[in-house]
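Dear colleague,

Please find below the structure that I am handing over to you. My findings follow it.

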Amino acid sequence: MKKIALFVDVQNIYYTCRQAYGRQFNYRKLWQHLGYEGEITSATAYAIHRGDDGQLKFQDALKHIGFDVKLKPFIQRSDGSAKGDWDVGITIDIMEAASEVDCVILLSGDGDFDLLMLKIYQKYGVETQVYGVPGLTAKSLIDSASQYHEIDDSLLL
């Protein structure tokens with residue numbers, strides 16, 4: 001059975017699904033779908049902690065499905081901009097997991113992950129899959145993955 005490691009850039013998926021469809025991503029549906037492809041040996045969702053009730057319920061729901069939820073504090077800068085970026089954390093975790101699985105799946109449209117996907121494929125020969133919203137997923141990321149899956153109606157709430 002194929003061993004799968006799943007990684008979710010929660011902020012990216014939330015905002016791109018909202019922008020494109022005005023809807024939310026259906027994590028349970030994805031989990032069920034991937035269960036037919038193999039065994040999910042690890043699943044990590046990277047989120048920003050703002051501490052509101054809706055967010056806590058969402059994080060609990062992810063944990064109930066089977067995700068390990070990693071949180072980073074939401075930082076409001078003095079100039080009004082916000083910092084809450086998991087790119088380095090996601091990269092480190094994917095590099096560590098890649099040698100132990102057959103497939104790495106990343107949910108993100110962020111082109112910053114393109115070199116990472118190429119690297120783990122070259123170094124470990126793992127299958128790399130990206131799930132992203134069409135038109136809001138970097139072409140470089142799509143091109144770097146063995147398979148690209150468009151997030152469409154079937155994966156939305």
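**Findings**

Cys103 is part of strand 6. Please note that the model is a predicted one. Cys103 counts as buried because its relative accessibility is 0%, and the cut-off for that class is under 20%. Setting aside neighbours within four places in sequence, Cys103 is in contact with Lys2, Lys3, Ile4, Ala5, Glu127 and Gln129. Between the C-alpha atoms of Cys103 and Asp93, which are 10 residues apart along the chain, the separation is 14 Å.

Six strands form an open sheet in the order 3-2-1-6-7-8, and their pairing is parallel. Strand 3 (68-73) and strand 8 (147-150) stand at the edges with a single partner strand each, so one side of each has no neighbour in the sheet. From one strand to the next, the twist averages 15 degrees. Helix 4 (residues 87-97) lies across strand 1 (3-9), strand 2 (39-49), strand 3 and strand 6 (103-107). This helix runs at about 175 degrees to strand 1.

Strand 7 covers residues 127-132 and includes Thr128. Thr128 is buried, as its relative accessible area is 0%. Not counting residues up to four places away in sequence, Thr128 touches Val104, Met117, Ile120, Tyr121, Ser144, Ala145, Ser146 and Gln147.

Yours sincerely

Terms used
Residues numbered from 1 in each chain as written. Predicted model: local features only at pLDDT ≥ 70, side-chain atom pairs only at ≥ 80, totals over all residues. Heavy atoms only, no water. Helix = DSSP H or I, 4+ residues; strand = E, 2+ residues; numbered from the N terminus. Buried < 20%, exposed > 50% of the residue type's maximum accessible area, 1.4 Å probe, protein only. Contact = heavy atoms within 4.5 Å. Pairing = 2+ DSSP bridges. Axes fitted to C-alpha atoms, helices over the stretch in contact; angles between N-to-C directions.
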